[in-house]
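Colleague: Before we discuss this model, could you take me through the terms as they come up?
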Amino acid sequence: MSEEMNSRSIVIGERLKKAREALGYTQEKVAEKLNIGRPRYSDIENGKRDIPLKELYSFCEFFGRPLEYFLKEKLAVDSGFKVLFRKTEGDQEVAKVITEFETLCEKMYTLEEIADIKIRPSISKDYAYEKDRLLFWGKFYAKQERQRLNLGQASIRNLDQILEEKCALKIFYLPIPAERGIFGMFTYDEEMGGCVLINTNANFGKQLFSLAHEYAHFIFHKERLGIVSSEKEKDTSDESLADNFAGDFLMPEESVNDIFNIRIKNRKDLTAEDTIYFAEYFGVSFQAMVYRLNNLKLLSNDMKEKLISETWVNTVRRSMGISEPESRPKFPSLYFHLCLKAYQQNKITTSKLAEFLELPLYQAMELGRKIKRSVQDDECLDNF
Amino acid sequence: MTSASTIFNGKLVTVDAMIIIKFHALLALDKFIDWAKREIVVEKRIKSEAKYSKAGQIDLASYIENNLIIEEEIEGKEQENLFYHYLTNKSLGVIIYEGEAACLALAISKGYGLACDEKVVRDEFKRKCPGQICTNSWGIVSKARKIGLIGTKAAEGLLEGLHQV
């Protein structure tokens, strides 16, 4: 093997191992699934054997990774994802989502390199707190962060834009099977900064709450490198703190009291419709609003239980003219910006633009024509 | 060997996905394939890149089955090394896609011509294979007009259309 081929084989082998371990497969299993001998697969993974491109593509398909993953000399994101894969070990469906999350983060890093724009604000150390005063610290830091980010007391439906702009968080939206009870994930890497994944199988209000929750992990738990926020973990101190922070951050006590007093005035009973109105005002889910009102003692425990068990909330929401937006893009807005900038600067081809934006080529050509006037170069090359 | 009245004069030419998509969108893919009887080579990856145009689904497989265009795939060390080189090497100054790297690798290693609508790809091909056919969709229509495969008015319509797709 030539030196170039040799180093390529080593990189491919290392990545195969990483991709295999992320999915929790043994060498035997991969060899069996791809119908190749186990000793041969082992040689490939150990970088002792060059593999034909055709076979490399079959690995790409099997592991759900782009070709680039197996060829890039250095990956930008690594350690945080190792933690995520370890925390969800054995769950193939979730591992596939984490794989896509990792691929998107890698692509974002590549785009930053190509467009020569890397926004990395100075990152503070993890905020300190005491585990026996989680309610207090959640509220304390929520107030502090609102001030630090100049958010005042208003509702913050565009939290994703704020966190992208002010904290350089990379926020992606992907569906995770609902039955897994996973709301979001967070990874941190010194090179890449904070990356967040929000489960789009939840309603928009819940997604906003999850985003504030993952932001809490960013300010409190960077040293953990990777966190999976799930139903299963919700009673742990990390998750409780993040929930307390998110509640206070999205629905500050003063604001909730203000709007509560204006709407309820002298009425005794708070109805489901009132709660829907408040939830819509703050952009959170009905459930999050119920818990927050209860937490601020504006709603009795009995009423809380009653409201949580209501099944007609969505029907009432619709009748109040409140509807869920149809969908949201999976990429952060900066990702689009970097793609278009790289394209306008002629640093990527139209086909590469299509790949980055996951568009059919003809649609990328249409987009290219709009932003560059024409994707047709009029060079007359008929002298053949 | 095809007759001299074909667009590429009997030479095999690797064609990229954007050209296929543009001709299809202008409802002129059949014409292009007819002008270049069995001279068009598409690398396997192009088939999946050129699946749709504004005019709908593109069925390259049927053209291949009917022997109207030739499908080839990157294989062997020389072609694979070229492919990897163009995919990972930053010397072009522009990041190109797998389909474009495959077209380049195939054309260079097999001595084919290249028809591609990305200037950076054509420039590299011209540098590596100076004597070979190297053109774009604009050049294909202009040549078709020049050798009488299409009338002037129809050619002007196509050239104008190329700006819109």
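Modeller: Across the interface of chain B and chain A, the rule finds 14 residue pairs in polar contact, both residues being at pLDDT 80 or more. This is a predicted model, in which local features need pLDDT of at least 70, side-chain atom pairs count only at pLDDT 80 or more, and totals for chains, interfaces and linings use all residues. Residues are numbered from 1 along each chain as its sequence is written, and side-chain values use heavy atoms, with hydrogens and water left out.

Colleague: What makes a pair a polar contact?

Modeller: The pair must be N or O atoms within 3.5 Å; within protein, one must be able to donate a hydrogen and the other to accept it, and residues adjacent in sequence count only if both atoms are side-chain atoms.

Colleague: Why is A:Lys54 with B:Glu73 called a salt bridge?

Modeller: The closest N and O atoms of A:Lys54 and B:Glu73 are 3.9 Å apart, and the rule asks for a side-chain nitrogen of Lys or Arg within 4 Å of a carboxyl oxygen of Asp or Glu, so the pair qualifies.

Colleague: What does the contact take from each chain?

Modeller: With contact meaning heavy atoms within 4.5 Å, 47 residues come from chain B and 35 residues from chain A. The side of chain B divides into 20 nonpolar, 11 polar and 16 charged residues.

Colleague: Which residues does A:Phe101 touch?

Modeller: Not counting residues up to four places away in sequence, A:Phe101 touches A:Phe81, A:Leu84 and A:Met185, among others.

How values were computed
Chains lettered and ligands numbered in written order. Nonpolar A, V, L, I, M, F, W, Y, C, P; charged D, E, K, R; others polar.
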